[in-house]
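Colleague: I have just opened this one for the first time. Could you walk me through it slowly?

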Amino acid sequence: MTTTKRVARRAAALAAGVIAVAGVSLVNAQPAAALPNLTTYLSGSGTLVGTEFEHRNYSGAYLSYEANRNCTLTLADSDFEDDSLPSGLGYDWDNDISSVKNWAGCVTNHFENDNQSGASTGYLLDGALPSSMDDRTESIRWT
Ligand SMILES: [Ca+2]
Ligand SMILES: [Ca+2]
Ligand SMILES: [Ca+2]
């Protein structure tokens with residue numbers, strides 16, 4: 001085999017290797033599915049009670065929550081709950097929320113796990129979630 005041929009074969013083998021590796025990575029890679037903007041109805045509709053955002057500063061995708069009334073003044077009750085954040089084909093809102101806005105007299109508590117369990121933020125006014133709970137929320141309570 002001439003040196004030229006060897007070099008050509010080696011180049012072809014290298015190219016094939018790169019393609020194979022790229023093929024594997026394409027098969028295995030989970031596409032970073034964009035989170036969809038969604039509205040969840042907690043107790044009917046018509047009153048926006050909270051908006052949750054993927055990123056800080058109320059940016060990225062958002063989750064809107066509607067109910068059929070405002071939150072009550074007392075913080076001792078639980079006005080509305082989302083026990084499990086929405087998920088679907090190729091997306092899951094779990095562990096993505098980074099900032100929150102409140103409406104209709106509500107404040108919002110964010111929990112680490114489903115069904116208002118695990119660590120929580122405590123009731124928050126508008127703003128970023130504390131860094132200890134950033135991208136960790138799986139359920140929510142409004143009061
Ligand atoms: Ca986030
Ligand atoms: Ca979590
Ligand atoms: Ca309340």
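**A first walk through the chain**

Modeller: The chain holds one helix and 11 strands, where helices (H or I, at least four residues) and strands (E, at least two) are DSSP runs numbered from the N terminus. This is a predicted model, in which local features need pLDDT of at least 70 and side-chain atom pairs count only at pLDDT 80 or more, while totals for chains, interfaces and linings use all residues. Residues are numbered from 1 along each chain as its sequence is written, and chains are lettered from A and ligands numbered from 1 in the order in which they are written.

Colleague: Where is pLDDT under 50?

Modeller: Taking pLDDT as the predictor's confidence in each residue, from 0 to 100, the chain averages 87, and 78% of the residues score at least 70. Over residues 13-27, however, pLDDT stays under 50, and the model has zero contacts there beyond four places in sequence, a contact being two residues whose C-beta atoms, placed from the backbone, lie within 7 Å. Where pLDDT is low, the predicted coordinates should not be read in detail.

Colleague: OK, sheets next. What is the strand order in the open sheet of five strands?

Modeller: The order is 1-3-2-7-10, with mixed pairing, and two strands count as paired if DSSP finds at least two bridges between them. Strand 1 (38-43) and strand 10 (127-128) stand at the edges with a single partner strand each, so one side of each is left without a neighbour in the sheet.

Colleague: Switching topic, which residues make up the largest nonpolar core?

Modeller: It has 12 residues in all, among them Leu35, Leu63, Trp93 and Trp142; such a core is a set of buried Ala, Val, Leu, Ile, Met, Phe, Trp, Tyr and Cys residues joined through C-beta atoms within 7 Å, and buried means that 20 or more other C-beta atoms lie within 10 Å of a residue's own. Strand 3 gives the most to this core, with three residues.

Colleague: What does Trp93 touch?

Modeller: Not counting residues up to four places away in sequence, Trp93 touches Leu35, Leu63, Leu85, Pro86 and Ser87.
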